[in-house]
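Thank you all for coming; I would like to walk slowly through one model with you this morning. Please keep the picture open while I talk.

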Amino acid sequence: MTKQLLVSLLLLPALAFAQAKKAAPKSTSPDRDKQAIIADLDKRFAEYAGLSKQIWDFAELGYQEEKSSLLLQEQLKKEGFDVKAGVAGIPTAFVATYGSGKPVIGILGEYDALPGLATEAKPDFTPIPNQKGGHGCGHNLFGTASVAAAVEVKNWLKAGHAGTVRIYGCPAEEGGAGKVYMVREGLFNDVDVVLHWHPGAQNAADAGTSLANKNAKFRFRGIAAHAAASPERGRSALDGVEAMDMMVNMMREHVPSDTRIHYVITKGGEAPNVVPAYAEVYYYARHKDRDILQSVWKRIENAAEGAAKGTGTKVEWEVLGGVFNLLPNVTLAEAMHTNLKTVGGITYTPEETAFAEKIRNTFPDDQRVPITNAAQIKDFRDASESATSGGSTDVGDVSWTVPTVGLQTATWVPGSSAHSWQSTAASGMSIGQKGMIVAAKTLALTALDLYNNPALIEKARAEWLQKRGANFKYEALLGDRKPALDYRK
């Protein structure tokens, strides 16, 4: 054997090792990868805080989130995602994808504001003149954290791992049921697991459910007349609304006690001396059982028809939204809870503590909890058989289409209520932004568990199929209507 051949043979293992090392991912340790994600999100805190504040300033209502949606899309394009805008017939909805193959992990993001609640990011109520909405549910944080998590997952995939990450830009969660149209369009059909989160006043990742919801605007039409000179010629549309409201309020005694019904009169007339020819009332009904919800809803419709007959008016209604209850997944919730404990809660600076104390002092005595609760992680609860929230979400429809899991983080001062000026204020400053980063870290770490452990996905899917039932067939509660793009106008 020649000396040259001997040297070549000795070098072969070293060359093969070098090539394998070059082709392998930068890190083969899940724990090391997770710590790298946590560190990177800490490093990019100011960047994502700035994005969330821009969306907070925009405060765009459902289906009107042009600037908010575009801002998040531009961030994702810059990070190398393939972005498809205007999906499901909704101009402000988008889907952004990176990677290829299985598993496909979806992350939900929201960015719509609520009507009213426009206040400065201060610890006292300071209205913002001429601003229609405010982020009292923290969706400016929701969309930003989800994008941040997706970017971290993208970076991990880019390092040499297999799979796809997909972020869904979901408009009009607040009553507009944006995700329902996306589900109906089949945009989740190839997804293995969906992750989501929501701003809140505590840190928790429970296996909980929510209330199914159906809502509509009931529009009464009557005959205008002079209310003093010739009232007999008129038929008051407002009478129709008020008669309907009275009948529904009497009905409350005779529906299941955990039913929720609420309404607001959105149009009641222009002047007291004119019999109103047009009036409108906006109704929500909720229950954890969709069948019970549908039966209650039918009685609300009957009340509307009876009110119209009794007042000599006409009525029609438009169903604007309808969402399923959340289908909880204990398997996924336990995994997310573990990652939330790894991330931990948030601690306040002296300035944030002073802000939080002032906010806390605006609460009734029985709602004041220690502000240090923001640093705690709530014990895991399997509340999958009962509604752990009085609210509703269009994530419910997603959860019946693909195994889904979520969490909440302390973006608001502990004790705060959603849809309040206090939550709006905290969502626009560092307290909310710190909680947002806790959510981004937890989402990204949970995604890594799913990519690294196919058995976790299989177990979650088996639980999901068992709870959903063998004969389940998805039918949207809002029917086959097109997106209600003008419901906030």
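What you see is a predicted model, in which local features need pLDDT of at least 70 and side-chain atom pairs count only at pLDDT 80 or more, while totals for chains, interfaces and linings use all residues. Residues are numbered from 1 along each chain as its sequence is written, and side-chain values use heavy atoms, with hydrogens and water left out.

Let us begin with the sheet, which is open and has four strands in the order E10-E11-E9-E12, paired in the antiparallel sense. Strands here are DSSP runs of E with at least two residues, helices are runs of H or I with at least four, and both are numbered from the N terminus; two strands pair if DSSP finds at least two bridges between them. Strand E10 (260-267) and strand E12 (314-323) are the edges, each pairing on one side only, and from one strand to the next the twist averages 20°. Such angles run from 0 to 180 degrees between N-to-C directions, with axes fitted as lines to C-alpha atoms, for helices over the stretch in contact.

Strand E9 (residues 212-221) and strand E11 (residues 278-287) are joined by 10 bridges, and one of the pairs is Arg 221 with Tyr 278 in E11. Helix H8 (residues 290-311) packs on this sheet, touching E9, E10, E11 and E12, and its direction makes about 10° with that of E9; contact means heavy atoms within 4.5 Å.

Now to helix H4 (residues 66-78), whose 13 residues reach 18 Å from first C-alpha to last, close to the 18 Å expected at 1.5 Å a residue, where the expected span is 1.5 Å times one less than the number of residues. Which residues of H4 are buried? They are Ser 68, Ser 69, Leu 71, Leu 72, Gln 73, Gln 75 and Leu 76, and their cover includes helix H3 (45-58) and helix H5 (139-158). Buried means under 20% relative accessible area, exposed over 50%, and partly exposed in between, with a 1.4 Å probe and protein chains only. After H4 comes Gly 80, with a positive phi near 95°.

Last, Arg 32 lies in helix H2 (residues 30-43), and Arg 32 counts as exposed because its relative accessibility is 53%.
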